[in-house]
Amino acid sequence: MVDEVYHDSWKPSLGRFRSDLAFRGLSDCQYRLENSFLRNCGDRPELEYHILRNFRKYARTAESNQTGTQLRSLVLAQHHGLPTRLLDWTYSPFVAMHFATANTEKYNIDGVIWQVDFVKVNTLVPEPLNILLDQEKCNAFTVEMLESGFPTVHQLDAAVGQGHVLFFEPPSLDDRIVNQFGLFSLMSSPISILDNWLVKHPEVYRRIIIPAELKWEIRDKLDQANITERVLFPGLDGLAAWLKRHYQPKIL
């Protein structure tokens with residue numbers, strides 16, 4: 001499994017192992033890469049504006065300074081569970097393994113880890129977006145880069161254009177984002193499904209199936225490596241979730 005998730009990570013020019021992959025772990029291999037907005041609101045893209053508008057209007061927290069632009073609001077909303085067009089990914093294959101094995105009610109079902117070469121994906125975006133990457137000499141967009149040229153989601157949609165997707169890093173809002181080593185994918189429509197885009201670009205992704213019979217072994221080894229809810233969701237909620245799962249007897 002470790003060899004698979006680090007597939008093609010050796011970079012001869014650097015003499016280092018540096019992966020270009022983003023990972024997303026799912027407990028059921030039949031799940032599609034559907035964002036939470038589509039699952040919640042269905043084929044009603046016009047509702048995204050109203051959800052985000054009201055989130056920006058009513059958000060009054062210690063993080064409220066993060067809602068300066070619509071894109072920052074979108075990131076903050078996703079982080080707190082509001083349905084958005086964003087999909088969560090991680091640079092860490094082990095964090096992805098955690099999310100593929102955290103739900104013990106799915107241990108009779110094969111899981112999956114999606115691997116996407118976000119570097120290749122980001123090179124496919126049109127101008128002027130690809131110019132930003134060249135200027136900054138980086139592989140992933142940041143919120144600061146995107147909002148500098150596209151202060152509204154509508155403007156960003158127009159720049160991305162139909163048939164494109166990009167990966168970007170969020171601000172370090174709290175320890176959860178930092179510990180999960182997270183990044184997001186974004187498509188130019190809130191009702192787009194990333195699967196449909198990926199099948200047209202087979203060179204940028206792989207799927208690693210986690211057989212149901214291996215989930216307990218992977219889970220126990222992740223716990224031993226301290227890849228747990230206690231670390232990934234700092235605070236009492238994460239601690240409680242870890243203890244609940246850790247002390248759940250295995251049904252033989």
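Visitor: Which residues of helix α9 are buried?
Guide: This is a predicted model. In α9, residues 153-160, the buried ones are V153, L156, D157, A159 and V160.

Visitor: What makes them line one face of the helix?
Guide: Look down the axis of α9. The buried residues fall within an arc of 165°, so they line one face. An α-helix has 3.6 residues a turn, so residues three or four places apart point the same way.

Visitor: Which residues are exposed on the other side of α9?
Guide: H154 and A158. Exposed means over 50% relative accessible area.

Visitor: What covers the buried residues of α9?
Guide: The cover includes the helices α3 (47-58), α4 (70-79), α7 (129-136) and α8 (143-149). It also includes the strands β7 (165-169) and β8 (182-187).

Visitor: What follows α9?
Guide: G161 does. Its phi is positive, near 75°.

Visitor: Now the rings. How many aromatic pairs does the structure hold?
Guide: Eight.

Visitor: Why is the pair of Y91 and F118 called edge-to-face?
Guide: Check the distance, then the angle. The ring centres are 5.5 Å apart, and a pair needs centres within 6.5 Å. The planes stand at 70°. Edge-to-face requires over 60 degrees, so Y91 and F118 qualify.

Visitor: What makes this a link between distant parts of the chain?
Guide: The two residues are 27 residues apart. Y91 sits in the loop between β4 (87-90) and α5 (93-101). F118 belongs to helix α6, residues 118-123.

Visitor: How do you know whether Y91 and F118 are buried or exposed?
Guide: Buried means under 20% relative accessible area. Y91 has 16%, so Y91 is buried. F118 has 6%, so F118 is buried as well.

Visitor: Which residues form one aromatic cluster with Y91?
Guide: F118 and F181.

Visitor: Why is the pair of F99 and F233 called edge-to-face?
Guide: Run the test again. The centres lie 6.1 Å apart, and the limit is 6.5 Å. The planes are at 85°, and the label needs over 60 degrees. F99 and F233 are therefore an edge-to-face pair.

Visitor: Where do F99 and F233 sit?
Guide: F99 is in helix α5. F233 is in the loop between α13 (229-232) and α14 (236-246). They are 134 residues apart, so this pair too links distant parts of the chain.

Visitor: What makes R207 count as lying over the face of W114?
Guide: R207 is at 4.9 Å from the ring centre of W114. The distance limit is 6 Å. R207 is found over the face of that ring.

Visitor: How many disulfides are there?
Guide: Zero, by the rule used here. A disulfide needs two cysteine sulfur atoms within 2.5 Å.

Visitor: Why are C29 and C41 called buried?
Guide: The cut-off is under 20%. C29 has 14%, so C29 is buried. C41 has 15%, so C41 is buried.

Visitor: Last one. How do you know that the radius of gyration agrees with a compact globule?
Guide: With 252 residues, such a globule would have a radius near 18 Å. The protein has 18 Å, so the two agree.

Definitions and conventions: Residues are numbered from 1 along each chain as its sequence is written. This is a predicted model: local features need pLDDT of at least 70, side-chain atom pairs count only at pLDDT 80 or more; totals for chains, interfaces and linings use all residues. Side-chain values use heavy atoms; hydrogens and water are left out. Buried means under 20% relative accessible area, exposed over 50%, partly exposed in between (1.4 Å probe, protein chains only). Helices (H or I, at least four residues) and strands (E, at least two) are DSSP runs, numbered from the N terminus. The arc is that of the directions from the helix axis to the C-beta atoms. Contact means heavy atoms within 4.5 Å. Rings of Phe, Tyr and Trp (its six-membered ring) pair if their centres lie within 6.5 Å; planes under 30 degrees apart count as stacked, over 60 as edge-to-face and the rest as tilted. A charge sits over a ring if NZ of Lys or CZ of Arg is within 6 Å of the ring centre and within 35 degrees of the ring normal. The radius of gyration is taken over C-alpha atoms; the globule rule is 2.2 Å times the number of residues to the power 0.38.
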